[in-house]
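Morning, everyone. Please look at the screen, and I will talk you through this one.

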Amino acid sequence: MAEIRIENLRKEFADFVAVQDSSFVVNDGEFLALLGPSGCGKTTTLRMIAGLELPTSGKIYLDGEDVTFNRASARDIAFVFQLFALYPHMNVRKNIGFPLLSQGMPRAEIRERVEETARLLQISHILDRSVSGLAGGDRQRVALGRAIVRRPKCFLMDEPLGTLDAEFREVMVHELRELHNRVHATTVYVTHDQHEAMAMADKIAVMNHGVIEQFGTPQEIYRKPASMYVADFIGSPPMNFMRFTSSLRKGASSISLNGVDVIVPEIHQDTEERELALGVRPEHIRFSDASPLRGAVYGSEYLGTNQVVAIETGNGLIKARVPANRNFQIGETVGLEFTPANLALFDCKSGRAVASSLYSGGQHG
Amino acid sequence: MSSANTAHSVVAPSDTSKRVAGTIVIVYALITLIPLVWIFLTSIKSPPDSISYPPKIVFTPTLEGYCNLFTTRTRQTPDYIAALPEPTSTCDEVTRKRNMVIAGPSNFLPRFVNSLVIAFGSTFLAVFLGTLAAYGFSRFKVPLADDLLFFILSTRMMPPIAVAIPIYLMYRELGLSDTALGMILLYTAVNVSLAVWLLKGFIDEIPREYEEAAMIDGYTRLQAFRKVVLPQATTGIAATAIFCLIFAWNEYAFAALLTSGQAQTAPPFIPTIIGEGGQDWPAVAAGTTIFLVPILVFTILLRKQLLRGITFGAVRK
C-alpha cells in the first residue's frame with residue numbers, strides 16, 4: 001500500500017484542457033473519491049495515475065517514487081473499469097489469476113491466491129463459470145477480485161457501480177467500503193454520484209472543468225463548501241443561495257438581507273460592495289412566526305420522515321427541509337430562521353466562499 | 001446464447017413461413033449445386049461418355065479421368081501391351097484398355113502443391129500483416145490515417161489484368177517471375193488491403209478497456225495484444241483468412257501470366273490437360289473436383305467463424 005502524490009498535474013487534448021494543474025495527496029490506506037459531473041476531468045486524472053494517459057505536465061508519485069512516465073504495467077496498481085473489462089475468452093478463475101500470471105507466479109500459488117480472493121468476495125462458487133453468463137453484481141465482484149488478488153500499491157476505480165441498478169448499487173457501496181476496511185488499500189474512486197462518494201470516501205475531491213474545486217473530508221465538503229459550485233453539487237436538495245448586494249467588513253458577524261439582520265459566522269475579510277450569496281442548507285432553515293425574514297410557501301414535497309418546502313423570498317426561491325408534521329398552504333406567509341453557525345457567504349462573481357469563522361474554526365454546529 | 005438470439009426477433013416465425021423459407025433455400029441450394037455435381041459426375045465418366053449428346057445421366061463410373069489427371073501415357077501396339085506383365089493398379093488396367101501404358105506422373109500434383117503453398121502462404125502473410133496494421137489503425141493516432149486507409153483500399157480497385165503486364169515486366173527484372181515467392185508476394189499485396197479493412201472493423205469493436213486492463217495487470221502492449229485482443233479477434237481473423245484464401249486459391253489472371261513452369265498453380269494448369277483427340281474432359285473435371293477440396297475443408301472447418309464474421313455487427317451483444 002502506498003501514498004499517491006499528485007503535483008500540478010495537467011492534461012491537454014488538442015486545444016481542450018481536461019485537467020488543470022491539480023495537486024493533492026492520498027494518504028496510505030485512504031479512500032479518495034474524485035467527484036464531479038461528466039467531462040470534469042475526473043476520469044482523465046484517474047487514467048493518468050494509472051498510466052493509461054500521459055500528463056501534459058506535472059508529476060505523479062506513487063509511494064514516493066516518480067511514476068509520471070512509467071508504463072501502466074510497471075506501476076503496480078489495479079484498475080476497476082466502468083464496464084469491468086472482464087476477458088470474455090477466460091473463465092472467472094483465469095480472469096482473477098491473469099495479473100498473477102504476468103508476474104510469473106507458480107500455478108499452484110496462483111490457484112491458492114485466486115481461491116483466497118474468491119472467498120473474500122464470496123464468489124468461490126462461480127470460479128469455473130464463464131464470465132459472459134454472470135449477473136452484474138458477480139461481474140463486479142470478479143473485477144474487484146482481479147484487482148485485489150495482486151495486492152497492489154493502490155486501487156483505481158472508474159465508476160465501477162455505474163452500470164448496476166440503483167438497488168444493487170447500495171449493496172455494493174457497503175460491500176466496497178467493507179472491503180476497503182478489511183484490505184486498507186489506498187483507493188481512488190471516480191464517481192459522479194455524491195451519495196457514493198459521501199458514503200464511502202475518507203476524502204473527496206470535487207472537480208469541475210478540470211479544476212479541483214475542493215479537497216477534503218465529506219464533512220468538510222458538505223459543511224464548508226469552498227465554492228458555490230461545490231455547495232450546489234453536494235446535497236439534495238442542494239444549498240440555497242440567497243443573493244444580495246452589500247459590502248462586508250472584517251470582524252462583522254451579521255449581514256443585512258432585505259433590511260433584516262441575519263447572524264452569520266464571523267467574517268474574516270473585507271469586501272467592497274458587490275453581489276453576494278448567503279448559502280443555507282435546507283436542513284438549517286426553521287420556521288418561526290416571529291422572524292422578520294418572511295417568505296411565501298410555493299410548494300411542498302412530502303418525503304415521509306420530513307418534507308421539503310419551497311419558499312419564495314425576496315432573495316429568490318429557497319428550499320427548506322422541515323419535519324413532516326405540519327401542513328402548508330400554498331401562498332401561506334411564513335417566518336424563516338437560519339442556524340447561524342452553518343451559514344456560508346459566497347462572492348457571486350468569483351463563486352468562491354468568503355472567509356469566515358465557518359472555514360477557519362474547527363468547531364461548528 | 002440461443003435465448004439471447006431469439007430475443008431479437010419480435011414475432012416468432014409461423015410454420016408456413018418457415019416452410020416457405022425452407023423450400024426456397026433448398027431449391028436455391030440445389031440450383032447452385034448442379035454445376036458442382038455435374039463436374040463430379042463428369043470426372044467419373046469415360047471420355048466418350050463425357051462428350052456424348054444428349055448427356056448421359058446413367059453411365060458406368062470409371063476412374064479413368066483421375067488416372068489421366070495424375071499420369072502421362074504413351075500409345076502402344078496391342079501386341080506390346082499383351083506382352084506386359086499383369087497390371088499392378090487400377091490405372092494400369094484402365095489405360096491398357098485404351099491401348100496405352102503409363103509413362104510417368106503428370107504435372108498435376110506439383111501444380112496442386114504450388115497452389116497450396118502460394119495460397120496458404122499468401123493468406124498467412126496477408127492476415128498477419130493485416131492484423132498488425134488494422135490494430136495500429138484502430139488503436140493509435142496514425143497521421144493521415146484516413147488517407148492511408150483509402151490508399152490501401154485503392155490498391156484493390158484496379159482489375160488484376162490491368163496491372164498484370166507492368167508486374168510481369170517488373171517481376172522479370174527482379175527474377176520473381178515463375179517463382180512461388182513472387183506469387184506469394186503478389187497475392188499478399190492484393191489481399192492485405194482487404195485484410196486491413198475487414199480486420200480494422202473487427203478490432204474497432206473490441207473495447208480498448210481489455211488491453212488497458214491487461215496492461216495494468218502487468219503485461220506489455222504486445223502481450224496484451226496477443227493474450228487479450230487476438231483471442232477476441234479470432235472470428236474476424238478466420239473470416240478474413242477465408243476471403244483471402246478464396247481469392248488466392250481461385251486467382252487465374254496473374255497466375256496464367258506470371259507462371260508457366262515450376263511455380264504454376266492449378267487454375268492455369270487444369271484447362272491445359274489435353275488427352276487423345278482434344279480436351280480430356282474427365283481429367284479436367286477430376287482436377288477441378290480435387291481443386292475444390294481444400295477450400296471446402298477450410299470453409300467447413302471455419303464455417304462458424306465465417307458465419308459470425310459475415311453477419312458481424314448485425315447482432316449486438
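What distance separates the centres of domain 1 of chain B and domain 2 of chain B? Taken over C-alpha atoms, the answer is 33 Å. Keep in mind that this is a predicted model.

Let me stay with chain B. Domain 1 is made of two stretches, 1-106 and 273-291. Domain 2 covers 109-267. The secondary structure of chain B comes to 17 helices and four strands. Its C-alpha trace spans about 85 × 65 × 40 Å along the principal axes. Now the radius of gyration. Chain B has 25 Å, while a compact globule of 317 residues would have a value near 20 Å. As for burial, 34% of the 317 residues of chain B count as buried. Contacts next. Take those in chain B with a separation of 6 or more: 76% of them come from residues 24 or more positions apart.

On to the interface. 14 residues of chain B are in contact with 17 residues of chain A. Which helices of chain B each supply at least two residues to that side? They are α11, residues 209-216, and α12, residues 221-232. The largest share comes from α11(B), with six residues. By class, the side of chain B that touches chain A has eight nonpolar, three polar and three charged residues.

Now chain A. Here we have nine helices and 20 strands. The C-alpha trace of chain A spans about 75 × 45 × 40 Å along its principal axes. Of its 365 residues, 44% count as buried. For contacts in chain A with a separation of 6 or more, 64% are between residues 24 or more positions apart.

Start with a helix. α1 of chain A runs over residues 42-50 and is mostly covered. How many of its nine residues are buried? Nine of nine. That list includes Lys42(A) and Arg47(A), along with Leu46(A), Met48(A) and Ile49(A). After α1(A) comes Gly51(A), with a positive phi near 95°.

Next, a sheet. Five strands of chain A form an open sheet in the order β15-β19-β16-β17-β18, with antiparallel pairing. Why is one side of β15 and of β18 left without a neighbour in the sheet? Because β15 (285-287) and β18 (316-323) of chain A stand at the edges, each with a single partner strand. From one strand to the next, the twist averages 50°.

Look at one pair inside that sheet. β16 of chain A covers 294-302, and β17 of chain A covers 306-313. Seven bridges join these antiparallel strands. Within the pair, Gly295(A) stands opposite Thr313(A) of β17(A).

Last, a single residue, Leu248(A). You will find Leu248(A) in β11 of chain A, residues 240-248. Is Leu248(A) buried or exposed? Buried, because 22 other C-beta atoms lie within 10 Å, and the cut-off for buried is 20 or more. What does Leu248(A) touch, leaving aside neighbours within four places in sequence? Its contacts are Ile267(A), Gln269(A), Asp270(A), Thr271(A) and Val354(A). Glu196(A) gives another reference point. Leu248(A) and Glu196(A) are 52 residues apart in sequence, and C-alpha to C-alpha they are 37 Å apart in space.

On the side of chain B, α11(B) gives the largest share. That's my tour; over to you.

Conventions: Residues are numbered from 1 along each chain as its sequence is written. Chains are lettered from A and ligands numbered from 1 in the order in which they are written. This is a predicted model: local features need pLDDT of at least 70, side-chain atom pairs count only at pLDDT 80 or more; totals for chains, interfaces and linings use all residues. Domain bounds come from an automatic or database domain assignment. Two residues are in contact if their C-beta atoms, placed from the backbone, lie within 7 Å. Ala, Val, Leu, Ile, Met, Phe, Trp, Tyr, Cys and Pro count as nonpolar, Asp, Glu, Lys and Arg as charged, and the others, Gly among them, as polar. A residue is buried if 20 or more other C-beta atoms lie within 10 Å of its own, exposed if 12 or fewer, and partly exposed in between; C-beta atoms are placed from the backbone. Two strands pair if DSSP finds at least two bridges between them. Axes are lines fitted to C-alpha atoms, for helices over the stretch in contact, and angles run from 0 to 180 degrees between N-to-C directions. The radius of gyration is taken over C-alpha atoms; the globule rule is 2.2 Å times the number of residues to the power 0.38.
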